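Subject: The model, and what turned up in it

Hello,

Here is the structure I promised to pass on. Have a look at it first, and then read on for my notes.

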Amino acid sequence: MHATPVALAVRGLVVFPGAIRMLTVGRSPSRRAVARHLDHGEPLVLAFQLDAEIDDPLSAELCPAATLARVLRAAELPDGTIRVLLEGLERVELRGPLTVDDDGATRVAVEQVMSEVTDPVHVSATARQVGALYAELMEMSGVAPSEQEVLASDSDDPERLSDQVAGSLGLPISKSLALFAIPRLDDRVEQVLAELITQIAERRLAAEVQSRVTAAMEKSQRDYQLREQLRAIRAELGDNASADAEAEGFRGKIAAAQMPHDVEAQGLREAQRLSRMHTESAEYTLLRTWLETLCDIPWGVKTPDTISLTKAQRVLDRHHHGLERVKERILEYLAVRQLAPDSPGPILCFVGPPGVGKTSLGRSIAEALGREFARIALGGVKDETEVRGHRRTYVGAMPGRLVRALVRAGSSNPVIVLDELDKVGNDVRGDPASALLEVLDPEQNSGFVDHYLDLPLDLSQVLFIATANLTDPIPAALHDRLEIIEIPGYTEEEKLNIARRFLLPRLGEAHGLDSGNIQVDTNAVRTVVRDYTHEAGVRELERQLAKVHRKVARQVVEGRDRGVRVTSRAVPRFLGPPRYQLEVAERADQPGVVIGLAWTAAGGDILFIEAVGMPGTAGLKLTGSLGDVMKESVEAALSWLRANASRYEIDPAVFQQTFHLHVPAGAIPKDGPSAGVTMATALASAITGRPVRPRLAMTGEITLRGRVLQVGGVKEKVLAARRAGITDVLLPKRNESDLVDVPKELRHDLTFHFVDTVDEVLAVALMDSAAGAQGER
């Protein structure tokens with residue numbers, strides 16, 4: 001034997017002694033090693049890589065055990081690789097890493113090893129078990145054993161037997177390498193026996209599962225044949241008692257439901273058809289479900305209206321504070337219903353920011369009328385079938401939300417609130433808003449047809465009330481069918497009253513606390529409103545007060561304190577540091593900074609508008625996610641200032657620089673037709689260097705001629721100004737009449753400036769430079 005035999009690094013395969021395997025040799029050092037073995041008869045060692053992903057054999061980690069082999073046959077393929085048929089001869093042990101000789105062939109030092117045997121008797125007994133189990137495995141597989149496998153199973157040599165069986169089990173490469181590297185024959189034979197037992201157990205389990213599946217299929221076929229035979233026997237005998245009993249039950253329900261004549265006739269026809277169907281058919285189930293839905297609808301069930309304006313006023317006052325104009329309109333609506341019960345009347349739509357009580361107003365109306373109440377959430381609805389229902393032929397078909405709301409209410413004349421009407425979407429599956437046109441039209445909804453029922457349904461007795469945050473997203477045709485009642489946000493005083501009258505008693509009951517456990521001062525509630533909420537409604541206020549109650553409940557349960565008085569100074573201990581702080585004075589005391597008033601879906605809010613001029617070419621840079629309307633307002637404001645520069649002693653050369661106008665909170669999109677005066681004031685302040693009057697906020701649109709136009713949302717904007725600590729509010733002259741909607745205490749706390757032109761705006765807003773500098777000092 002050559003001192004260092006040539007070596008062939010093998011990946012993804014283990015060749016046990018006595019095994020014959022086909023192998024493709026592609027790496028150059030390996031091909032040269034095979035050539036040296038064939039041409040010069042040098043011994044060939046098969047070294048097995050532990051990681052098959054490594055391409056360089058010299059850097060690969062090898063199994064410490066290897067196989068001395070010989071090539072029985074070799075053939076060179078067109079792609080340069082060599083296809084060899086190898087026979088493993090004996091197990092050897094590596095004594096060093098792979099090296100490459102001068103001819104480019106890989107070599108490795110090895111040492112012949114003899115397998116260690118501790119207990120020959122135990123090894124022989126184990127080997128006989130291996131042979132017997134291997135024969136059983138071959139029989140279970142239904143594979144005729146090859147010549148080598150026959151020799152292995154009949155051999156009295158335990159080592160040869162274990163190698164032959166291990167090589168034919170098809171083990172994963174990691175297990176094969178671990179098994180091949182075991183030095184003691186006792187352990188190797190036991191490991192082979194364990195693998196055999198595992199594979200036989202898996203085969204038996206697979207056979208058992210297959211047997212169960214086959215038996216289940218045979219039972220299913222047998223049951224089907226028996227059912228068909230039973231169906232034929234029933235057809236011969238005319239015995240269909242189960243279907244007849246259900247059909248008769250539906251006939252009774254239809255007769256008692258006081259349905260319209262055409263609906264009752266159709267229901268009886270379908271019940272008769274049900275009696276002729278086989279109970280196991282799919283159509284029987286679909287028809288039975290349809291009949292159940294038909295009978296669940298409260299066709300003739302009505303609750304008599306108990307209209308009493310005194311009771312209605314009491315109910316509204318019990319559940320809602322303030323909202324006087326809204327309550328007045330609701331009482332007018334109920335008065336007309338009392339005088340003309342059959343009059344369709346308008347569809348009321350409450351529009352306002354979240355948390356102002358729109359949905360609960362609908363519930364109060366139902367309580368005042370003595371009617372049932374149901375709510376349909378329309379937010380995110382994009383499929384027309386959500387309103388009209390699915391066709392009965394579809395799998396999983398069901399009626400629309402209107403029919404389901406009637407079933408839940410159990411009355412044909414409930415109050416149904418269509419919540420979040422402005423958030424209805426549309427896509428390729430239809431336009432739900434168009435479907436609502438028929439529902440909300442008093443002239444059409446007496447014959448509303450749900451696709452699932454496919455029968456006319458009278459909705460004229462239903463009192464529909466819609467809610468929305470904004471009117472703009474509501475389609476024009478749908479908007480035309482609604483009477484919009486705006487519900488603005490609450491003032492600070494109204495929030496305090498709501499907290500005292502409604503929120504605190506309800507939270508105390510919900511948290512198991514009475515007046516002896518917790519007392520919340522009015523000033524504490526005021527602190528929560530000012531420093532921990534920033535909303536038009538009272539939802540966040542309720543959440544913050546609930547947080548206080550939870551902490552007090554824990555103290556009571558732990559026995560630390562049986563009675564807690566929450567004062568204004570104690571609020572941070574329960575809620576942490578203030579979340580909102582008045583920053584008007586700090587941010588609006590420099591030239592170019594103006595406070596604007598905006599109207600959003602969440603109510604009124606303030607915006608800081610910042611303008612600055614900088615050297616460069618004449619231009620305008622806008623940042624802050626401004627919409628097209630606001631961008632046009634900025635351009636109009638700049639054009640007006642350039643046209644009237646001489647009146648304000650502005651050097652025309654100033655307009656040759658670049659003006660940058662920014663609205664902070666750039667991640668929030670902003671748009672609307674009420675920012676013209678704010679943009680003009682910010683640019684004028686930046687150009688002239690005159691700061692804006694402190695604690696002044698403004699709103700209004702302008703024209704190129706300098707006129708100030710009327711805007712909407714005055715009450716919401718005034719409420720936002722009050723929350724932010726504003727003292728002066730600048731409004732268009734034409735909005736002076738809108739102050740009727742503003743609570744009296746707000747009108748007393750704020751100073752209003754009404755303007756018709758941009759000149760009047762700047763006269764009110766801009767201070768002298770000296771006054772501004774003195775204010776800064």
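To start with a question: how are helix 10 and helix 11 oriented to each other? Before the answer, please keep in mind that this is a predicted model.

Helix 10 covers residues 309-319 and helix 11 covers residues 324-339. The two pack at an angle of about 150°, and their axes are 10 Å apart. An angle over 145 degrees counts as roughly antiparallel, and helix 10 and helix 11 are therefore roughly antiparallel to each other. Their crossing is right-handed. On the helix 10 side, the residues that meet helix 11 are Leu309, Ala312, Gln313, Leu316 and Asp317. Helix 11 answers with Lys327, Ile330, Leu331, Leu334, Ala335 and Gln338. Sorted by class, this contact between helix 10 and helix 11 has seven nonpolar, two polar and two charged residues.

Helix 17 (residues 492-510) and helix 18 (residues 522-532) have axes that come within 10 Å and cross at roughly 120°. Helix 17 passes helix 18 in a right-handed crossing. From helix 17, the contact takes in Glu492, Glu493, Lys495, Leu496, Ala499, Arg500 and Leu504. Helix 18 brings Thr522, Val525, Arg526, Val529 and Arg530 to the contact. By class, the contact of helix 17 with helix 18 has five nonpolar, one polar and six charged residues.

Five strands form an open sheet with parallel pairing, in the order 10-11-14-9-15. Which strands stand at its edges? They are strand 10 (373-377) and strand 15 (482-486); each has a single partner strand, so one side of each is left without a neighbour in the sheet. From one strand to the next, the twist averages 25°.

Strand 10 is joined to strand 11 (residues 415-419) by five bridges, and the two run parallel. Helix 12 (residues 358-369) lies across strand 9 (347-351), strand 10, strand 11 and strand 14 (463-468). Relative to strand 14, helix 12 runs at about 165°.

Further along the chain, take a look at strand 25 (residues 728-732). How many of the residues of strand 25 are buried? Five of its five residues are, and the strand is mostly covered. Strand 25 pairs with strand 22 (residues 696-698) in the parallel sense, over three bridges. In that pairing, Met698 stands opposite Leu730 of strand 25. Strand 25 is also joined to strand 26 (residues 751-755) by five bridges, and these two run parallel. Val729 has Phe752 in strand 26 as its bridge partner.

- Thr293 sits in helix 9 (residues 282-296). Its relative accessibility is 13%, so Thr293 counts as buried. Apart from neighbours within four places in sequence, Thr293 is in contact with Pro399, Tyr452 and Leu453.
- Glu195 belongs to helix 6 (residues 185-237). With 10% relative accessibility, Glu195 counts as buried. Neighbours within four places in sequence aside, Glu195 contacts Leu169, Leu171 and Lys175. Glu195 and Leu171 are 24 residues apart along the chain, and their C-alpha atoms are separated by 8.6 Å.
- Arg573 is part of helix 20 (residues 571-575). Is Arg573 buried or exposed? At 56% relative accessibility, Arg573 counts as exposed. Between the C-alpha atoms of Arg573 and Met217 there are 69 Å, with 356 residues separating the two along the chain.

Do write back once you have had a look.

Best wishes

How values were computed
Residues are numbered from 1 along each chain as its sequence is written. This is a predicted model: local features need pLDDT of at least 70, side-chain atom pairs count only at pLDDT 80 or more; totals for chains, interfaces and linings use all residues. Side-chain values use heavy atoms; hydrogens and water are left out. Axes are lines fitted to C-alpha atoms, for helices over the stretch in contact, and angles run from 0 to 180 degrees between N-to-C directions. Helices (H or I, at least four residues) and strands (E, at least two) are DSSP runs, numbered from the N terminus. Angles under 35 degrees count as roughly parallel, over 145 as roughly antiparallel, 65 to 115 as roughly perpendicular and the rest as oblique. A crossing is left-handed if the near helix is turned anticlockwise from the far one by less than a right angle, and right-handed if clockwise. Contact means heavy atoms within 4.5 Å. Ala, Val, Leu, Ile, Met, Phe, Trp, Tyr, Cys and Pro count as nonpolar, Asp, Glu, Lys and Arg as charged, and the others, Gly among them, as polar. Buried means under 20% relative accessible area, exposed over 50%, partly exposed in between (1.4 Å probe, protein chains only). Two strands pair if DSSP finds at least two bridges between them.
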